[in-house]
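This briefing sets out the computed features of one protein model for a reader who wants the cut-offs alongside the values. Please keep the sequence and the structure in view while reading.

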Amino acid sequence: SEQSQKGSFSTCGIFRDLWYYIYMAYNRLMIYLAEALGTLGLTLGVALGFSYLSPLPPPFAAALTLGLFVYTIGPLSGAHLNPAVTIGLWAMQKIKTSDAIAYVIAQLVGAEAALLLVRLFVYPAVLPAVNTLPVFFAEIIGAFFFTFGVAAAVSGKVPDDIKGVVVGGSLLAGIALASSRSNGILNPAVALGVGSLAPAYVLGPIIGAILGMRTYRLLRPESV
């Protein structure tokens, strides 16, 4: 009958909508998992470099690891792997508030997992933090130049096949500028994972990221 047909159509619609929401939730979960896993890998690379258990110095380990993740998980999550980058992109309106919060939580979870692994296999404190104004300003300056390059990549002004090179190179340049006065972390999550968590290593990169990305937006308003 006509009434039974309407009921079957309604039931099909409910299952279709339910499947759609499950599918979307799964996709979001995979994105956040990618951010956590990428931050775990980045933090481990930096921590092992500081503990002299890696053949690469920490700046090169960080740049290489981030560049590789841009190619591997970049198409999925964007490969932020850094709360400062996520907050800077949020300030540029490149990411929704709900996603930004979830990204930061995932990044901190990944960094905390790296910290636990480092404490288990290396030793408790990899890199003690020094919280001073010179450190704070060094982290701002380093993050500024790092995220200026990130903004160019995110804004589509960098070809896809060299985005990892640009982002990794920008991180290396930022670390080089910051490391004369700080540990050159430029990432609050990594700072947590290497035992260098302090206000200068949290607020400095966040302020630098916002300034760097907004400066790029000011110079290239047509690209954002």
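A residue is called buried when its relative accessible area is under 20%, exposed when the figure is over 50%, and partly exposed in between, with a 1.4 Å probe and protein chains only. The model is predicted, so that local features need pLDDT of at least 70 and side-chain atom pairs count only at pLDDT 80 or more, while totals for chains, interfaces and linings use all residues. Residues are numbered from 1 along each chain as its sequence is written, and side-chain values use heavy atoms, with hydrogens and water left out.

**Overall architecture**

- The protein has nine helices and zero strands, where helices (H or I, at least four residues) and strands (E, at least two) are DSSP runs numbered from the N terminus.
- Taken along the principal axes, the C-alpha atoms fill a box of roughly 80 × 45 × 30 Å, and 47% of the 224 residues count as buried.

**Pockets**

- A pocket here is an open set of points, on a 1 Å grid over the protein atoms alone, where a 1.4 Å probe fits and protein lies on both sides within 12 Å along at least five of seven lines; lining residues have an atom within 4 Å of a point.
- The largest pocket holds about 390 Å³ of space, a volume being the space filled by probe spheres set on the points, with grid points joined across faces, edges and corners.
- Its lining consists of 20 residues, and V70, G74, G78, A79 and V154 are those that lie nearest the centre of the largest pocket.
- Two or more lining residues of the largest pocket come from each of α2 (58-72), α3 (74-77), α4 (83-91), α6 (133-154) and α7 (163-178), with α6 supplying the largest share, four residues.
- By class, the lining of the largest pocket comprises 14 nonpolar, three polar and three charged residues, where Ala, Val, Leu, Ile, Met, Phe, Trp, Tyr, Cys and Pro count as nonpolar, Asp, Glu, Lys and Arg as charged, and the others, Gly among them, as polar.
- The second largest pocket contains about 180 Å³ of space and is lined by 20 residues, of which V46, A62, I175, G184 and I185 lie nearest its centre.
- The elements that give two or more residues to the lining of the second largest pocket are α1 (2-50), α2 and α7, and α2 gives the most, with four residues.
- In the second largest pocket the lining has 14 nonpolar and six polar residues, and no charged residues.

**Salt bridges**

- The structure holds two salt bridges, each being a side-chain nitrogen of Lys or Arg within 4 Å of a carboxyl oxygen of Asp or Glu.
- One of them joins R28 to D99, with the closest N and O atoms 2.8 Å apart; because R28 lies in helix α1 and D99 in helix α5 (residues 97-121), the pair ties together parts that are 71 residues apart in sequence.
- In this pair R28 is partly exposed, at a relative accessible area of 29%, whereas D99 counts as buried, at 10%.
- D160 forms a salt bridge with K163, where the closest N and O atoms are 3.2 Å apart; D160 is exposed at 57% relative accessible area, and K163 is partly exposed at 22%.

**Nonpolar surface patch**

- F15, L18, W19, Y20, Y21, I22, Y23 and M24 make a nonpolar surface patch of about 930 Å², a patch being made of residues with over 30% relative accessible area and no salt bridge, in which nonpolar side chains (Val, Leu, Ile, Met, Phe, Trp, Tyr) are joined within 5 Å and like charges within 9 Å.
- The accessible areas come from the Shrake-Rupley method with a 1.4 Å probe, and for residues only the protein chains shown count as cover.
- W19 lies in helix α1 and is exposed at 58% relative accessibility, while L18 counts as partly exposed at 45%.

**Positive phi values outside glycine**

- Q93, in the loop between α4 and α5, has a phi near 65°, a positive value in a residue other than glycine, and counts as exposed at 66% relative accessibility.
- L186, in the loop between α7 and α8 (188-193), has a positive phi near 60° and is likewise a residue other than glycine, but L186 is buried, with a relative accessible area of 1%.
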